[in-house]
Amino acid sequence: MREVAIVAFGQSVHVRDSAEISEVEMLMPVLHDVLAQTGLAARDIDFTCSGSSDYLAGRAFSFTMALDGVGAWPPVSESHVEMDGAWALYEAWVKILTGEADTALVYAYGKSSPGDLREVLTRQLDPYYVAPLWPDSVALAALQAQALIDAKLTDERELAGIAARSRADAESNPHAQLRGALPAGEPLVAPLRSGDCPPIGDGAAAVVLAAGDTARRLAARPAWIRGLDHRIEAHSLGVRDLTDSPSTRLAAQRAGAFEGPHGLKGRGGVPTVDTAELHAPFTSQEVVLRRALGLDAADGTVRINPSGGALAANPVMATGLIRLGEAAARIHRGASDRALAHATSGPCLQQNLVAVLEGE
Amino acid sequence: MSEVLTAPLVVEFPFTRSLGPVQSAFLTGLRERTVLGVRTGDGRVVVPPTEYDPVTAEELRELVEVGSAGTVTTWAWNPAPRRGQPLTTPFAWVLVRLDGADTALLHALDATGPDAVRTGMRVRVRWAAERTGAITDIACFVPDDGPAGEGLPAVHRGEFADPVTLLTAPARLDYTYAPGRAQSRYLQALAGHRTVGERCPSCRKVYVPPRGACPTCGVATDTQVEVGPRGTVTTFCIVNIKARHTANLDIEVPYVYAHIALDGADLALHARIGGIPYDRVRMGLRVEPVWTEGGRFPDHYRPTGEPDADYDSYKELV
């Protein structure tokens with residue numbers, strides 16, 4: 001099997017409202033950043049894949065406009081997923097594994113500011129039984145949070161602690177939208193307070209993937225993708241156990257998160273990583289993910305969301321790709337040797353992707 | 001830095017969806033104040049019913065009637081109801097496991113406050129006064145003092161007179177559209193009867209309307225260049241279908257829609273051609289914009305009377 005690595009990562013400064021710039025104007029500096037990091041020009045990239053959603057901007061085929069920022073002459077090989085860019089990265093990874101490409105540019109962006117994000121996200125729900133009730137994204141997460149509290153798996157004090165840790169960690173992240181000590185806030189949809197919820201914002205991110213020796217040539221310390229898997233659960237919330245995330249656990253197992261690095265045997269059920277970038281837009285979802293991944297059993301040896309996570313910046317459709325990018329960047333700069341990155345999509349952690357990244 | 005333009009943008013889409021046998025029975029049942037579930041191969045009852053087992057993907061058809069009262073499995077207090085939600089006063093979102101069901105249904109609970117709601121509480125359906133065969137036929141749930149249902153679930157044939165077979169799901173989303181720097185500059189200049197393109201610093205092409213990036217080179221186009229107002233028809237089509245939009249009702253068919261290369265631009269924009277019979281329009285025709293009173297963009301382009309442009313002068317822009 002070919003070795004594939006993330007060799008560069010870039011992101012915008014995430015802001016509440018970027019009305020002064022269009023998607024492509026927001027995206028271009030990020031694309032130029034990752035290309036400059038590798039010394040590649042757009043024409044050197046074998047495959048380009050992006051993730052975004054037309055529902056955020058309210059315009060059909062908005063991603064084709066964003067493609068102007070890539071430079072499509074001579075003609076390029078390109079694809080788009082109407083999902084978080086983490087899934088675009090998955091597609092690009094497969095493309096490289098098949099030998100059809102040696103390098104790939106993956107980007108994602110989301111401008112939530114033009115619309116009402118809580119309403120926009122209702123359009124991803126079951127259109128027959130659920131969407132006509134317009135349950136917004138915070139309400140659905142709050143149902144999950146209450147289920148956790150009822151099961152005595154967390155309490156409001158722990159949730160507030162997760163919010164405080166995330167935003168304190170974001171102090172050292174120049175791209176984050178919310179930083180530092182923030183009040184827990186008023187109940188938005190109880191039991192979730194505004195502090196338990198992610199900021200609404202606009203932003204973009206990009207990574208460059210490369211295979212084998214190309215990756216070694218482009219980066220001093222490539223972040224090798226040792227495993228990558230994604231799984232989905234039933235869409236009906238009333239069918240699922242909202243306190244658990246079996247799809248995350250299965251994806252992590254398949255990605256090798258519980259196996260030892262370099263073929264060493266891992267400790268049963270404990271992830272063999274030093275860093276975990278979890279895509280948990282709500283504090284309560286971090287509790288679910290930590291349990292599903294056995295991170296609590298790791299006795300604090302795993303650094304969780306040192307970037308501040310989705311609670312510090314949540315440009316929808318790019319947030320998951322940023323988790324992969326942040327984990328890779330930690331490996332690039334030697335702060336991590338083996339990291340887990342997670343991305344989610346859909347209400348209450350319906351779909352989950354897990355990657356295991358490693359430095360040499 | 002120019003002022004950033006914004007405008008309201010409303011997207012409405014009334015999706016009409018076909019219902020399969022299971023969804024049709026469930027939604028028709030709601031119209032008749034009957035809640036149906038579907039039984040899975042291992043005997044579990046799924047409510048609301050699905051056509052396929054969420055675990056095994058086995059096809060499901062065995063309908064059963066469950067109670068219209070049940071137990072809250074989790075809840076969330078919504079202090080500020082939003083547009084389209086079931087109640088306009090503060091309410092609880094609830095997942096309710098109806099008597100006889102093994103899964104829970106999402107809906108709203110009408111309660112006096114968060115202190116009146118808890119997981120495990122008993123609730124029952126409040127039916128909507130007018131029911132059409134939709135999930136909103138359940139107006140909401142209300143607290144229930146009655147005993148748990150007995151003898152459920154009962155086999156139900158799922159047959160009703162005049163079954164609902166289609167679901168129309170109206171949706172409306174409101175946006176504030178902001179076109180960004182390049183297009184804001186373009187639109188502001190246009191309102192002053194000037195057409196401004198932007199030049200790519202790499203390939204030197206002038207794009208109009210500019211979108212802020214050169215799609216060939218992938219770099220920002222930040223040098224403004226005034227182009228036009230005159231231009232050349234590079235290609236065109238004859239439209240024989242009457243425009244349906246109210247803004248265009250006055251345009252008689254047939255009319256000509258053309259690509260026009262404005263003088264100084266490296267990309268043709270498109271516009272309607274007027275002031276000349278439709279069958280006299282030709283490639284190379286020289287045209288100029290016509291503005292209506294107070295118009296923020298040209299209404300159409302008309303011939304200037306100049307000799308036609310030489311083909312070689314615009315062949316790269318066809």
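1. What covers the buried residues of helix α1 of chain B includes β3 (35-39), β5 (63-66), β8 (105-109), β9 (122-127), β10 (138-143) and β12 (166-169) of chain B. Buried means under 20% relative accessible area, exposed over 50%, and partly exposed in between, with a 1.4 Å probe and protein chains only. Ten of the eleven residues of this helix (residues 21-31) are buried, so α1(B) is largely enclosed by the rest of the structure. Among the buried residues are B:Val22, B:Phe26, B:Leu27 and B:Leu30, and also B:Gln23 and B:Arg31. The helix is followed by B:Arg33, whose phi is positive, near 60 degrees.

2. On conventions, this is a predicted model in which local features need pLDDT of at least 70 and side-chain atom pairs count only at pLDDT 80 or more, whereas totals for chains, interfaces and linings use all residues. Residues are numbered from 1 along each chain as its sequence is written, chains are lettered from A and ligands numbered from 1 in the order in which they are written, and side-chain values use heavy atoms, with hydrogens and water left out. Helices (H or I, at least four residues) and strands (E, at least two) are DSSP runs, numbered from the N terminus.

3. The interface of the two chains involves 53 residues of chain A in contact with 62 residues of chain B, where contact means heavy atoms within 4.5 Å. Chain A and chain B bury about 4,700 Å² between them, 62% of it on carbon and sulfur atoms. Buried area is the accessible area (1.4 Å probe) that two parts lose on being put together, summed over both. On the chain A side, A:Tyr128, A:Tyr129 and A:Leu133 lose the most area to chain B, together 19% of what that side buries.

4. Three salt bridges are found across the interface of chain A and chain B, a salt bridge being a side-chain nitrogen of Lys or Arg within 4 Å of a carboxyl oxygen of Asp or Glu. A salt bridge also links the side chains of A:Glu119 and B:Arg83, at 3.5 Å from N to O.

5. In chain A, helix α4 (residues 85-97) packs with helix α11 (residues 319-332) at an angle of about 60 degrees, with the axes 6 Å apart. That angle makes α4(A) oblique to α11(A); angles under 35 degrees count as roughly parallel, over 145 as roughly antiparallel, 65 to 115 as roughly perpendicular and the rest as oblique. Axes are lines fitted to C-alpha atoms, for helices over the stretch in contact, and angles run from 0 to 180 degrees between N-to-C directions. A:Gly85, A:Ala86 and A:Leu89 of α4(A) make the contact with A:Gly320, A:Leu321 and A:Leu324 of α11(A).

6. Most residues other than glycine have a negative phi. B:Asp162 has a positive phi, near 55 degrees, and lies in the loop between β11 (154-155) and β12 of chain B. At 60% relative accessibility, B:Asp162 counts as exposed. Phi of B:Arg204 is also positive, near 70 degrees.
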